[in-house]
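User: Hi! Could you walk me through this model? I'd like the overall picture and then some side-chain details.

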Amino acid sequence: MNLGMPEILVILLIALLLFGPRKLPELGRSLGQSIREFKRGAQEIREELEKSVEVKEEVKPAPVKEEPKA
């Protein structure tokens with residue numbers, strides 16, 4: 001789903017009518033902060049998962065050989 005220039009202009013016009021020109025910059029800042037926080041949280045989760053995988057790979061126990069029973 002790609003948005004072209006006409007669609008973006010319609011969305012901006014509707015937002016301008018709903019919130020007014022004074023509220024739009026504040027809403028833009030809030031949206032930007034929310035996106036940054038989401039990306040930061042996703043990165044922290046990704047790093048934690050990578051650390052977990054690395055630890056599991058390092059702690060592989062040696063295989064135990066069974067002795068034949070006589």
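Analyst: Happy to! One term to start: the expected span of a helix is 1.5 Å times one less than its number of residues. With that, α1 has 15 residues and reaches 21 Å from its first C-alpha to its last, close to the 21 Å expected. Helices here are DSSP runs of H or I with at least four residues, strands are E runs of at least two, and both are numbered from the N terminus. This is a predicted model, where local features need pLDDT of at least 70 and side-chain atom pairs pLDDT 80 or more, while totals for chains, interfaces and linings use all residues. Residues are numbered from 1 along each chain as its sequence is written, and side-chain values use heavy atoms, leaving out hydrogens and water.

User: Thanks! How many helices and strands does the chain have?

Analyst: It has two helices and zero strands. After α1 comes Gly20, with a positive phi near 85°.

User: And how much of the chain is buried?

Analyst: Of its 70 residues, 3% count as buried. Buried means under 20% relative accessible area, exposed over 50%, and partly exposed in between, with a 1.4 Å probe and protein chains only. The accessible surface is about 7300 Å² (Shrake-Rupley method, 1.4 Å probe; for residues, only the protein chains shown count as cover). Carbon and sulfur atoms hold 63% of that surface.

User: How many salt bridges are there?

Analyst: Two, counting a side-chain nitrogen of Lys or Arg within 4 Å of a carboxyl oxygen of Asp or Glu. Lys23 pairs with Glu26 at 3.7 Å, N to O. Lys23 is partly exposed at 38% relative accessible area, and Glu26 is partly exposed too, at 41%.

User: Which residue does Arg40 bridge to?

Analyst: Glu37, with the closest N and O atoms 2.6 Å apart. Both sit in helix α2 (residues 24-58), and since they are three residues apart, about one helical turn separates them. An α-helix has 3.6 residues a turn, so residues three or four places apart point the same way. Arg40 is partly exposed, at 43%.

User: Switching topic: which residues form the nonpolar patch?

Analyst: Leu3, Met5, Ile8, Leu9, Ile11 and Leu12, with about 590 Å² of accessible area together. Patch members have over 30% relative accessible area and no salt bridge; nonpolar side chains (Val, Leu, Ile, Met, Phe, Trp, Tyr) are joined within 5 Å, like charges within 9 Å. Leu3 lies in the segment before α1 (5-19) and is partly exposed at 47%.
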